[in-house]
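Good morning, and thank you for making the time.

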Amino acid sequence: MRLSTEQAKAIEAEIPYLRRYARALTGNPDAADDLVQDGLERAIGRFDQFQPGTNLRAWLFTILHNMRCDQHRRMVRRPLELPIEETPQHACIRATQTDALQLSDFRRAFGRLSEAHREVLALVGLEGLDYQQAARILGVEVGTVKSRVFRARESLRREQLMLERPTPRHMWRAAA
Amino acid sequence: MSGPVELIVITPVEVSAFVDGELSAEERCDVAACVRDDDRAACLVAAWQWQQALLYAAFGRIIEEPTPQRLRLTVTA
C-alpha cells in the first residue's frame, strides 16, 4: 500500500517508541531494529486496516507484539540473545559508578524475566499505557494485565535480590 | 453497641495496581490507608516505584537516539 505524506510522517514519528519497546523485548539493538523494520513493513502493507482517529502507536505496538509471537512460535524460548546491558551507553542516563552498577544489575535482572513479563512492564511501566490499552495490544483481559504486572514486578524484585552486590559491610557481617 | 465492622482485604495485586494509578477513588483510599499502616505494603510500593525509575533509566532515553536511516527509508521511500 502506498502511504500519503501525512501517513508516512505519522508512522515515522512513532519509530523511536517502537525501537524502545522492541529493545525492551529483545534486549538486542540489532534484533530490535530488525523487528521494528519488519513491523513497519507489515504496518505499511496493512495500513488500510488502521482506523483513523484511533491510537496509531498502540496499533503499531500490536503489530510488533503479534510479530514477536510469530517469532516465538518458530523458536524455543531462550534467554535474550545478548546481555541486555550491552545496550549503547548513550541510551542510558549519565550516572555515577554506583548508579551504573545498579543499572547494569537491573538490566540483567530484567533480561532474565520471561518475555511476557518484560513486555507487560515495557507497555505499562515504560510506555505509560493504562491496563486497558495494554490488554488490547496483548489480546488479553484487563484482569490478566493487572495480575501479570504484579507477577512481573515480583519476579523482577526476586531477580534483583539475587543479583544484589554485597557491600563491604555485608561482607564484614558475613565474615564475622 | 457498635455496628458490624467492615473487613477490607487488600491484595498485593491491588497494591501493584495502586502504583500504576489503576484503582477507583474508593479503592485508592483503601490501599493508601493500607500502605500508610502496613510496613510490608509500604516496602512493596517503594520497591516497585524504584523499579519503575530503574526501568526508565535503563530504556527511557532510547527514544532520543537518532532514527536509523534504514527504518526511516522503510516508511518514506
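**Helices, cores and the chain contact**

Let me begin with helix 5 of chain A and helix 7 of chain A, which are roughly perpendicular to each other (a word used for angles of 65 to 115 degrees), where helices are DSSP runs of H or I with at least four residues, numbered from the N terminus. This is a predicted model, in which local features need pLDDT of at least 70 and side-chain atom pairs count only at pLDDT 80 or more, while totals for chains, interfaces and linings use all residues. Residues are numbered from 1 along each chain as its sequence is written, and chains are lettered from A and ligands numbered from 1 in the order in which they are written.

The angle for this pair is about 110°, with the axes 9 Å apart; axes are lines fitted to C-alpha atoms, for helices over the stretch in contact, and angles run from 0 to 180 degrees between N-to-C directions. Among the residues making the contact are A:Val120 and A:Val124 of helix 5 of chain A, and A:Val145 and A:Ala152 of helix 7 of chain A, two residues being in contact if their C-beta atoms, placed from the backbone, lie within 7 Å.

Helix 5 of chain A also packs with helix 1 of chain A, at an angle of about 150° and with the axes 8 Å apart. That makes the two helices roughly antiparallel, the word for angles over 145 degrees. Their contact includes A:Tyr21 of helix 1 of chain A and A:Ala122 of helix 5 of chain A.

Which residues have the most contacts inside the largest nonpolar core? They are A:Tyr21, A:Ala22, A:Leu64, A:Val120 and A:Ala134, in a core of 43 residues. Such a core is a set of buried Ala, Val, Leu, Ile, Met, Phe, Trp, Tyr and Cys residues joined through C-beta atoms within 7 Å, and buried means that 20 or more other C-beta atoms lie within 10 Å of a residue's own. Helix 1 of chain A gives the most to this core, with 7 residues, and helix 3 (39-59) of chain B is one of the elements that give two or more.

Turning to the two chains, their contact takes 29 residues from chain B and 37 residues from chain A. On the side of chain B that touches chain A, helix 3 of chain B gives the most, with 10 residues.

How values were computed. A residue is buried if 20 or more other C-beta atoms lie within 10 Å of its own, exposed if 12 or fewer, and partly exposed in between; C-beta atoms are placed from the backbone. Angles under 35 degrees count as roughly parallel, over 145 as roughly antiparallel, 65 to 115 as roughly perpendicular and the rest as oblique.
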